[in-house]
Amino acid sequence: SYVDITEFIQIIDIKVGDPILSVNLPDVKKRFEAMKWVENSIIERKLPNTIKIFIDEYKPKAVWHQQGEFFVINAEGYIINSVSEEQMLHFADLIVIMGENSKSHIASLYSFIEQDREVYKIISFAEYIGNRRWNIGTINNVLIKLPAADVADAWKYLLQLHAELNILYGYIKVIDLRIPDKVFIELDTKYKRNRILLREVG
């Protein structure tokens, strides 16, 4: 749970012995849904002496990096909460997205990067470039440059190359897919053996 328990108890503000009929349920619901991590809540009164509270938390999808600050956002790009660099450890499994209007395009981004779970797990960041296309970075420092159009086809081609040649785990620095039906590869110069791989890919 991401909800602050201390704040949760303060919001309830119901003490043992308080008349159950005196509890303003709409007001309690309103206060709960003002909490940063609470998306929806249901408050029920069960006579003679019970108040039931159900809450749905926002589901974090990515971390949005904007002007030096970090924000947890959901799948629709809604800002759930700001996070410090120390708190980022709790969201280490989330992709960091950045770039102008990047969070407005999060749905289209995830529509293709989640197609292959193995590849998805090694993505560390996605940067929206020029308000038109994505660069994708992996945890092993491979930069994937995607085109502005037909991005799903480009990603499918990348997955095919990876299935055949394991290029996302090799000695490659940049994979450029911006030109349709072509792939340009920049090698990590520390590894001479990768020149063979470059000729195979084309």
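Trainee: Which residue follows helix 1 with a positive phi?

Mentor: This is a predicted model, in which local features need pLDDT of at least 70 and side-chain atom pairs count only at pLDDT 80 or more, while totals for chains, interfaces and linings use all residues. Residues are numbered from 1 along each chain as its sequence is written, and side-chain values use heavy atoms, with hydrogens and water left out. Helix 1 covers residues 5–12, where helices (H or I, at least four residues) and strands (E, at least two) are DSSP runs numbered from the N terminus. The residue that follows this helix, with a phi near 50°, is Asp 13.

Trainee: How much space lies in the largest pocket?

Mentor: A pocket is an open set of points on a 1 Å grid over the protein atoms alone, where a 1.4 Å probe fits and protein lies on both sides within 12 Å along at least five of seven lines; lining residues have an atom within 4 Å of a point. The lining of the largest pocket comes to 14 residues, with Tyr 2, Asp 4, Trp 37, Asn 81 and Gln 87 nearest its centre. When grid points are joined across faces, edges and corners, and volume is taken as the space filled by probe spheres set on the points, the space in this pocket is about 260 Å³.

Trainee: Which strand gives the most to the lining of the largest pocket?

Mentor: The strand in question contributes three residues to the lining and runs over residues 79–83. Asn 81, one of the residues nearest the pocket centre, is found in this strand, which is strand 5.

Trainee: With which side chain does the side chain of Asn 81 make a polar contact?

Mentor: Asn 81 is buried, with a relative accessible area of 17%, where buried means under 20%, exposed over 50% and partly exposed in between, with a 1.4 Å probe and protein chains only. A polar contact is a pair of N or O atoms within 3.5 Å, one able to donate a hydrogen and the other to accept it, and residues adjacent in sequence count only if both atoms are side-chain atoms. At 3.4 Å, the partner of the Asn 81 side chain is the side chain of Lys 36.

Trainee: Why is strand 8 largely enclosed by the rest of the structure, and how many of its residues are buried?

Mentor: Both faces of strand 8 are covered, with Arg 133, Asn 135 and Gly 137 buried on one side and Trp 134, Ile 136 and Thr 138 buried on the other. Strand 8 (residues 133–138) is therefore largely enclosed, the number of buried residues being six of the six.

Trainee: In the hairpin of strand 8 and strand 9, which residue takes a positive phi?

Mentor: Two strands pair if DSSP finds at least two bridges between them, and strand 8 pairs with strand 9 (residues 143–145) in the antiparallel sense over three bridges. Asn 135 has Lys 145 as its bridge partner in strand 9. Four residues lie between the strands of this hairpin, and the one with a positive phi near 65° is Asn 141.

Trainee: In strand 7, what is the bridge partner of Ile 97?

Mentor: Strand 7 (residues 123–129) pairs with strand 8 in the antiparallel sense over six bridges, whereas three bridges join strand 6 to strand 7 in a parallel run. Within strand 7, the partner of Ile 97 is Ala 126.
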